[in-house]
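Grab the structure viewer and work through these exercises one at a time. Try each task yourself before reading its solution.

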Amino acid sequence: MSDVSAVKAALKSQVIETPSWGYGNSGTRFKVFAQPGVPRDPFEKMEDAAQVHAFTGVAPKVSLHIPWDKVADYAALTRHAEGLGLRIGAINSNVFQDDDFKLGSVTHPEAAVRRKATDHLLECVDVMDETGSPDLKLWFSDGTNYPGQDDIVARQDRLSEALTEVYERLGEDQRMLLEYKLFEPAFYTTDVPDWGTAYAHCLKLGPKAQVVVDTGHHAPGTNIEFIVALLLREGRLGAFDFNSRFYADDDLMVGAADPFQLFRIMHEVVKNGGLTSETNVNFMLDQCHNIEAKIPAVIRSVANVQEATAKALLVDGDALGAAQRSGDVLASNAVLMDAYNTDVRPLLAEVREEQGLGRDPFAAYLASGNQERIAAARVGGTQAGWGA
Ligand SMILES: [Mn+2]
């Protein structure tokens, strides 16, 4: 795409969904470091998300996590969000923090535990009904630690049974987003370890079941953009969970570890129609900001996605196609690298200015005084949900 106004229009219409848990205190299994001014409840998490949207203009949706964001009145939370210019995004289920789930949730050997897990997933669909959320996001920590611990295929059968029950409960405009993760907390087998397993289940369930690509959930060296291209081709790329990894599931700011990988992913997205509303790919962040200030970190993350998207939009598709058709390896690679090596920050500054925003959202937020205001106003912020 070389028409600058079309590039700008695409950048203005991109929506990036931010996670409620990115605003709360979080940490590793070793330590949670508390920060001043973090939200004390889901309502304040919405206020922080609204700050990100106010300074970036492209983050009007917030993912919730049940039970971390459990409230007595979801209609009130939804109204609060709407009053701040936001809407509720994906509802993230949690079947990994209960003693009963030691040996699994929906794949557990005991039917009673599977029932409890499936009931929680159905409860999450109730929350979708109450909040207007379009997406149910499922990630299962289920798996085994030792060879022989359980029957691999039987666990797939149990998983399939639970997914089918939940799928049938979904409304017309509601989707199921199935996430995969290579390992952790299970260390021998994981029941949904890769895109192929997730895709196979989604294919059996139906068109409302789609795959989530969490960029941190692959083995080192995995070609994530290939997975993205293939899922887009099959119409099954439901969403991203963007974050960065150096080692395992590090949940660092997207684009921090490997901005070139993020560009390659966004190139496949742009090239294969993934930015259009018809494709309905949800661009979510799934990150934790353990040692850095949270709202500024989310703003930087949103900007990093925008930069990768802008570079992908600048790829000269005609030149790339011509080079590819003529078998010119070096020329086709050069077309991609030219786009990647473009400094798109001035272009994004212009886009923001045209939207009535500051040219640099990170600096504009820091200058706004909000960090100091929330630090003074909020005492006793809550953890994102794990590790005491
Ligand atoms: Mn994730």
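The buried residues of α3 pack against α2 (42-56), β2 (61-65), β3 and α4. Here, helices (H or I, at least four residues) and strands (E, at least two) are DSSP runs, numbered from the N terminus. Residues are numbered from 1 along each chain as its sequence is written. Keep in mind that this is a predicted model: local features need pLDDT of at least 70, side-chain atom pairs count only at pLDDT 80 or more, and totals for chains, interfaces and linings use all residues.

**Exercise 1. Sort the faces of α3.**

Task: find which residues of α3 are buried and which are exposed.

Solution. Start with the cut-offs: a residue is buried if 20 or more other C-beta atoms lie within 10 Å of its own, exposed if 12 or fewer, and partly exposed in between, with C-beta atoms placed from the backbone. By that rule, the buried residues of α3 are Tyr74, Leu77, Thr78 and Ala81. They sit on the same side of α3, because their arc around the axis is only 100° (the arc is that of the directions from the helix axis to the C-beta atoms). Turned away from the buried side, you'll find the exposed residues Ala75, Ala76, Arg79 and Gly83. After α3 comes Gly85, with a positive phi near 85°.

**Exercise 2. Zoom in on Leu77.**

Task: is Leu77 buried or exposed, and what is it in contact with?

Solution. Leu77 is in helix α3. Leu77 counts as buried because it has 23 C-beta neighbours inside 10 Å. Next, skip its neighbours within four places in sequence: Leu77 is then in contact with Pro42, Phe43, Val71 and Thr131 (contact means that the C-beta atoms, placed from the backbone, lie within 7 Å).

**Exercise 3. Check α4.**

Task: what should the 21 residues of α4 span, and which of its residues are buried?

Solution. For α4 (residues 111-131) that gives 30 Å, and the end C-alpha atoms are 30 Å apart, which agrees. Now the burial: Val113, Arg114, Ala117, Thr118, Leu121, Cys124, Val125, Val127, Met128 and Thr131 are the buried residues of α4. Their arc around the axis is only 155°, which puts them on the same side of α4. Ala111, Ala112 and Asp119 are exposed on the other side. The cover over the buried residues of α4 includes α3 (74-83), β3 (87-92), β4 (135-138) and α5 (152-169).

**Exercise 4. Compare two helix pairs.**

Task: how do α4 and α5 cross, and how do α5 and α6 cross?

Solution. The axes of α4 and α5 come within 10 Å and cross at roughly 25° (axes are lines fitted to C-alpha atoms, for helices over the stretch in contact, and angles run from 0 to 180 degrees between N-to-C directions). α4 and α5 are therefore roughly parallel to each other. The axes of α5 and α6 (residues 195-205) also come within 10 Å, crossing at roughly 45°, so α5 and α6 are oblique to each other. The cut-offs: angles under 35 degrees count as roughly parallel, over 145 as roughly antiparallel, 65 to 115 as roughly perpendicular and the rest as oblique. Finally, Ser160, Leu163, Thr164 and Tyr167 in α5 meet His201, Lys204 and Leu205 in α6.

Notes
Expected span 1.5 Å × (residues − 1). Contact = placed C-beta atoms within 7 Å.
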